[in-house]
Amino acid sequence: MTSGAVPEPTIDDDPRIGEVLLTEQQIRERIEQIGQQLSQDYEGEAPLLVCVLRGAYVFLTDLARAVNLPVEIDFIAVSSYGSSTRTSGVVRLVKDLDVDLSDRHVILVEDIVDTGLTLRYLRRSLEARNPASLEVCALLAREKADTDGLGVRYVGFRIPDDFVVGYGLDAAERFRNLRYIALYREDGT
Ligand code: PRP
């Protein structure tokens, strides 16, 4: 850009992006803490990080690099929301894991626990495969979510019920690549 030129608009200028709830730095610092916690809790082990596509892919990449352990990675994809902002109430397996879970220490990595529907489904499905252990690590959990009841051992942040986007979370597949988490305003007001 030459000096004095009008700056090009960026993805951050979209009017549908509202107040920033969690900054890039807040997210980075919290993930460092969780990474250290996991490194202690799984010392001497090589846990398998299972990324729940698509929303958790950004969290997974940063978390994996914050853990000082020889982790392995696999991906599972489920869908209950589709392009809608409301859950359909039915979880569908879209892509299964490639790795055999028997005798593995598995950490399920989620971007957000909302109603808990997805997690209940995934827990049932993964526990049936006889892992040595299964824990859940979610970057976000709704304030209303019963994380203890759902067995979520690691939670990054508690957030209110507002629609949020960024850092992996989407609105109709957009905004996953924002570096922060912000409120989403459909009408852009
Ligand atoms: C989102 C999110 C969680 C799930 C949480 O997935 O990634 O997996 O919803 O909601 P719940 O607790 O009410 O089940 P979504 O179906 O939107 O797919 P995506 O990850 O591809 O965005």
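Reader: Why does Arg 176 count as buried?

Author: In this predicted model, Arg 176 has a relative accessibility of 12%. The word buried is used for values under 20%, and 12% falls under that cut-off, so Arg 176 counts as buried.

Reader: What makes Asp 170 count as partly exposed, and what makes Glu 173 count as partly exposed?

Author: Buried stops at 20% and exposed begins over 50%, with partly exposed in between. Asp 170 has 21% relative accessibility, so it lies between the two cut-offs and is partly exposed. Glu 173, at 39%, also lies between them, and is therefore called partly exposed.

Reader: How do you know that the side chains of Arg 176 and Asp 170 meet in a salt bridge, and what of Arg 176 and Glu 173?

Author: The rule asks for a side-chain nitrogen of Lys or Arg within 4 Å of a carboxyl oxygen of Asp or Glu. Between Arg 176 and Asp 170 the N to O distance is 3.5 Å, which is within 4 Å, so the pair passes. For Arg 176 and Glu 173 the value is 2.8 Å, and this pair therefore passes as well. These residues belong to a network of salt bridges that links Arg 54, Asp 170, Glu 173 and Arg 176.

Reader: How many salt bridges does the rule give?

Author: The count comes to 17 salt bridges. One of the pairs that meet the rule is Asp 161 with Lys 144, whose closest N and O atoms are 3.3 Å apart.

Reader: What makes Arg 142 a buried residue?

Author: The relative accessible area of Arg 142 is 6%. Arg 142 is found in strand β6. When neighbours within four places in sequence are left aside, Arg 142 is in contact with residues that include Ile 112, Arg 158, Pro 160 and Asp 161.

Reader: Which residues of helix α3 are buried, and what do they pack against?

Author: In helix α3, residues 117-127, the buried ones are Thr 118, Leu 119, Leu 122, Arg 123, Ser 125 and Leu 126. An α-helix has 3.6 residues a turn, so residues three or four places apart point the same way. The buried residues of α3 pack against β2 (48-53), β3 (72-79), β5 (105-113), β6 and β7.

Reader: How do you know that the radius of gyration of the chain agrees with that of a compact globule?

Author: For 189 residues, a compact globule would have a radius of gyration near 16 Å, and the chain has 17 Å, so the two values agree. Of the 189 residues, 47% count as buried. The chain holds three helices and nine strands, and among its contacts between residues at least 6 apart in sequence, 65% join residues at least 24 apart.

Terms used:
Residues are numbered from 1 along each chain as its sequence is written. This is a predicted model: local features need pLDDT of at least 70, side-chain atom pairs count only at pLDDT 80 or more; totals for chains, interfaces and linings use all residues. Side-chain values use heavy atoms; hydrogens and water are left out. Buried means under 20% relative accessible area, exposed over 50%, partly exposed in between (1.4 Å probe, protein chains only). Helices (H or I, at least four residues) and strands (E, at least two) are DSSP runs, numbered from the N terminus. Contact means heavy atoms within 4.5 Å. The radius of gyration is taken over C-alpha atoms; the globule rule is 2.2 Å times the number of residues to the power 0.38.
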